[in-house]
Amino acid sequence: MKVGFIGLGIMGTPMALHLVNKGHQLFVHTRSQVPEAVTAAGGVRVDSAAAVAREAEVIFTMVPDTPDVEAVLFGKNGVAEGIGKGKVVVDMSSISPMATKAFAKRINELGADYIDAPVSGGEVGAKAGSLTIMCGGDPAVFERVKPLLECMGKNITLVGGNGDGQTTKVANQIIVALNIEAVSEALVFATKAGADPAKVREALMGGFAASRILEVHGERMIKRTFNPGFRIKLHQKDLGLALQGARELGVALPQTANAAQLMQACAAHGLGELDHSALVQALEIMAEHLVAKG
């Protein structure tokens with residue numbers, strides 16, 4: 001198929017590479033320089049999002065936040081200026097569910113279809129082609145783009161209509177944040193009491209407390225490997241979406257708010273570009289104690 005990809009960052013680049021490596025014709029646009037790996041694989045750089053939409057049957061977007069998606073779709077030289085009947089926009093960014101519904105309506109009014117398809121799995125999952133993809137949209141449109149999604153992910157689920165994919169991603173980010181917080185608190189507590197963090201983690205991995213977060217992020221906390229797979233500032237944004245949605249729905253998310261404040265503390269100390277496992281550093285600062293020296 002003729003496929004477009006807009007947004008070639010940490011996640012977008014390997015995702016786009018999977019598409020072109022599977023034999024699809026790829027047209028790309030990004031704010032910064034197009035990575036050499038993409039053009040070397042056969043990706044064609046074009047000068048605007050509108051040009052991507054004119055060339056491609058399915059247009060993927062993978063940008064940081066709600067305003068970025070809006071600008072890519074509806075700003076000057078945006079997708080809306082090049083899209084036509086029968087084409088599909090697949091937004092894989094993590095953004096507001098309510099805004100997603102509005103964006104989908106506007107794209108539908110132009111004769112095209114819209115799928116929201118945010119992902120979980122981070123840079124590792126993007127490179128491995130093993131992302132979890134949570135989709136919202138029309139079932140027939142979903143089935144049309146599913147073979148493309150299968151180039152990038154393994155667990156691909158149509159949750160419901162437009163916006164439901166983004167709602168699921170927000171729920172995912174709540175669970176991940178609270179698990180990171182729990183592992184952080186446990187390791188700070190255990191090591192402050194004098195226990196070896198590596199041995200504590202090893203023991204816990206054999207019990208009911210075992211989790212993917214304890215396995216991967218617990219190791220990061222101990223080895224001090226906080227180079228980003230998923231940045232604190234992006235997880236902050238996602239928790240902001242959760243709390244905004246909670247206000248609109250009239251529900252309380254007290255522990256989500258607490259995790260958001262810990263990430264804010266990290267950002268205030270200049271740690272926003274680190275991996276979200278670095279949330280442990282907010283607790284370390286308060287305890288005046290490091291889990292490990294690395």
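In which loop is Asn77 found? Asn77 sits in the loop between α4 (66-74) and β5, where helices (H or I, at least four residues) and strands (E, at least two) are DSSP runs numbered from the N terminus. The model shown in these views is predicted, so local features need pLDDT of at least 70 and side-chain atom pairs count only at pLDDT 80 or more, whereas totals for chains, interfaces and linings use all residues. Residues are numbered from 1 along each chain as its sequence is written, and side-chain values use heavy atoms, with hydrogens and water left out.

View 1. Most residues other than glycine have a negative phi. Phi of Asn77 is near 60°, a positive value, and Asn77 is partly exposed, with a relative accessible area of 38%; buried means under 20% relative accessible area, exposed over 50%, and partly exposed in between (1.4 Å probe, protein chains only). Glu288, which is not a glycine either, has a positive phi of about 50°; Glu288 lies in the segment after α13 and is exposed, with a relative accessible area of 74%.

**View 2. The pairing of β5 with β6.** Strand β5 (residues 88-91) and strand β6 (residues 113-116) pair in the parallel sense over 4 bridges, pairing being assigned if DSSP finds at least two bridges between two strands. Between these strands the chain passes through helix α5 (residues 97-109), and this β-α-β crossover is right-handed; that is, with the strands pointing away from the viewer, the path from the first strand over the helix to the second runs clockwise. Within the pair, the bridge partner of Val90 in β6 is Ile115.

**View 3. Val90 in the largest nonpolar core.** A nonpolar core is a set of buried Ala, Val, Leu, Ile, Met, Phe, Trp, Tyr and Cys residues joined through side-chain atoms within 4.5 Å. The largest one has 34 residues, of which Phe5, Met15, Phe60, Val90, Met92 and Leu149 touch the most other members. Elements that each supply at least two residues of this core include β1 (2-6), α1 (12-21) and α7 (139-149). Leaving aside residues up to four places away in sequence, Val90 touches Val58, Ile59, Phe60, Thr61, Ile115, Ala117, Val145 and Leu149, a contact meaning heavy atoms within 4.5 Å.

View 4. The 12 residues of helix α10 (residues 212-223) should span 16 Å at 1.5 Å a residue, and the end C-alpha atoms are 16 Å apart, which agrees; the expected span is 1.5 Å times one less than the number of residues. Ile213, Leu214, His217, Gly218, Arg220, Met221 and Ile222 of α10 are buried, and the buried residues of this helix pack against α8 (164-192), α9 (197-204) and α13 (280-287). Just after α10, Arg224 takes a positive phi of about 60°.

View 5. A salt bridge is a side-chain nitrogen of Lys or Arg within 4 Å of a carboxyl oxygen of Asp or Glu, and the structure holds 12 of them. Glu215 and Arg212 form one, with their closest N and O atoms 3.1 Å apart, and these two residues are 3 places apart in α10, about one turn of the helix. Asp275 forms another with Arg220, at 3.6 Å between the closest N and O atoms; this pair links distant parts of the chain, 55 residues apart, with Asp275 in the loop between α12 (254-268) and α13. Both Asp275 and Arg220 are buried.
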